[in-house]
Amino acid sequence: MDTQSYLPVQPGVGMQENFLSLDDILLSHERLPIRTECAFPRLGYLEKATDAQDIPQGTKMELPLWLSKGLYERKRRVLSVELPKVYREGWRTVFNADPNVVDLHKMGPYYYGLGSQMLHFDSPENPEIAQTLLQTFIGRFRRNMDSSQNAYNEDTSALASCQ
Amino acid sequence: MFCEKAIELIRELHRMSDGQLPAFNEDGLRQVLQEMEALYDQNQSDVNEAKAEGRSDLIASIKLRHCCLLRNQRCVTAYLYDRLLRIRALRWEYGSVLPANVRFHMCAEEVQWFSQYKKSLASFMRSLGGGEGLDITQDMKPPKSLYIEVRCLKDHGEFEIDDGTVILLKKNSQHFLPRWKCEQLIRQGVLEHVMS
């Protein structure tokens, strides 16, 4: 079927998600390492490591982004979110040095999207994270643009593994 | 973790990025709605207990379940909406009569939506061109010539053109036909535009 007539809802820009965008919904399904700052009674079955009836305060577990965003509060009374490895100092230095050599697909399918969403959690490193995301995109833009204009009309999955 | 069934619905659609319409996942939808009912009931009872016995520690769990309800709602709404976008595209690609195999993939409400959409589009088209009407589903790409050379890709039987002539569309036969008659069949994959 000619795809011109099917116009799906586009993902949101920056920190904004589009409610009806399939891409944004899949993006927000990604899991994040978190630490509970309060107890969650009667939800022990969500945390498979223990048999407890409740989730105690101070539990380290993984929650999807949508749930972390929904529960997060500024004063950190409910949970605190750890930055995934790719957005931490170590990897940021790599990205700043040369954004073109990194295999972004291996870092998780939504590097820019998830990075933008991480800014919701008031990490003190937010300005550096935002800066790195932007610089990485700018650094890789030229090669992406070139590939898209000059690609063969065939299977490009080998190329795509570097995106 | 909650909302796993809901995300499966989304994945189902996301897999078909070219706009094809998969079968309506009535089962999946029902499971999501059941999960929502269970979450809501648990929250109702916890809220009552929190109010009656002053158990404010339950609020965190209530909030979590509420997030799950909102998430399920989002997934279901996005699922249904994206399907409508695909069905709308069908009118532009296939015309007003849908092939039976596509119609089987639509639920009753979607079939109804499609017929309403057709009516809206038809009345809009009738109002164009100073009351004369204009078929805007034709010539979606600017045409280069009035008549085009086409090759038949599959047997389609007899085909009548405006001056009354009947053409037999047999596989691999080539014809020189008016562009506007062929456009629909080219989009359906019955004819192929031969450019040489």
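This is a predicted model: local features need pLDDT of at least 70, side-chain atom pairs count only at pLDDT 80 or more; totals for chains, interfaces and linings use all residues.

Biologist: Which element gives the most to the lining of the second largest pocket?
Modeller: Residues are numbered from 1 along each chain as its sequence is written, while chains are lettered from A and ligands numbered from 1 in the order in which they are written. Helices (H or I, at least four residues) and strands (E, at least two) are DSSP runs numbered from the N terminus. With four residues, the leading contributor to this lining is H4(A).

Biologist: What volume does the second largest pocket have?
Modeller: A pocket is an open set of points on a 1 Å grid over the protein atoms alone, with protein on both sides within 12 Å along at least five of seven lines; a cavity is a set where a 1.4 Å probe fits but cannot get out; lining residues have an atom within 4 Å of a point. Points are joined across faces, edges and corners, and a volume is the space filled by probe spheres set on them. For the second largest pocket this gives about 430 Å³.

Biologist: Which residues lie closest to the centre of the second largest pocket, and which elements give two or more residues to its lining?
Modeller: The lining comprises 19 residues, of which A:Gly12, A:Leu27, A:Tyr112, A:Gly113 and A:Ser116 are the closest to the centre. The elements that give two or more residues are, in chain A, helix H1 (22-27), helix H4 (111-118) and helix H5 (126-150).

Biologist: How many residues of each class line the second largest pocket?
Modeller: Ala, Val, Leu, Ile, Met, Phe, Trp, Tyr, Cys and Pro count as nonpolar, Asp, Glu, Lys and Arg as charged, and the others, Gly among them, as polar. On this basis the lining has eleven nonpolar, six polar and two charged residues.

Biologist: Which helix gives the most to the lining of the largest pocket?
Modeller: The largest pocket holds about 510 Å³ of space. Its lining has 15 residues, and closest to the centre are B:Lys141, B:Arg179, B:Glu183, B:Ile186 and B:His193. By class there are six nonpolar, three polar and six charged residues. The greatest share, four residues, comes from residues 179-188 of chain B, helix H6.

Biologist: What is the volume of the largest cavity?
Modeller: The search of the whole structure finds one cavity of 30 Å³ or more. Its lining consists of A:Ile34, A:Thr36, A:Phe40, A:Leu46, A:Ile55, A:Met61, A:Leu63, A:Leu71, A:Leu79 and B:Leu64, that is, nine nonpolar, one polar and no charged residues. In chain A, strand E1 (31-36) and strand E2 (60-64) each supply at least two of the lining residues. The volume is about 40 Å³.

Biologist: Which residue is the bridge partner of A:Ile34 in E3(A)?
Modeller: Two strands pair if DSSP finds at least two bridges between them. In chain A, three strands form an open antiparallel sheet in the order E2-E1-E3, with E2 and strand E3 (79-81) as the edge strands, each pairing on one side only. E1(A) and E3(A) are joined by three bridges. In E3(A), the partner of A:Ile34 is A:Val81.

Biologist: Which residue of E5(B) stands opposite B:Arg151?
Modeller: Strand E1 (residues 147-152) of chain B pairs antiparallel with strand E4 (residues 174-178) over five bridges, and there the partner of B:Arg151 is B:Gln174. E1(B) also pairs antiparallel with strand E5 (residues 191-193), over three bridges. In E5(B), the residue opposite B:Arg151 is B:Glu192.

Biologist: What share of chain A counts as buried?
Modeller: Chain A has six helices and three strands, in the pattern α-β-β-α-β-α-α-α-α along the sequence. Buried means under 20% relative accessible area, exposed over 50%, and partly exposed in between, with a 1.4 Å probe and protein chains only. Of the 163 residues, the buried share is 38%.

How values were computed. Side-chain values use heavy atoms; hydrogens and water are left out.
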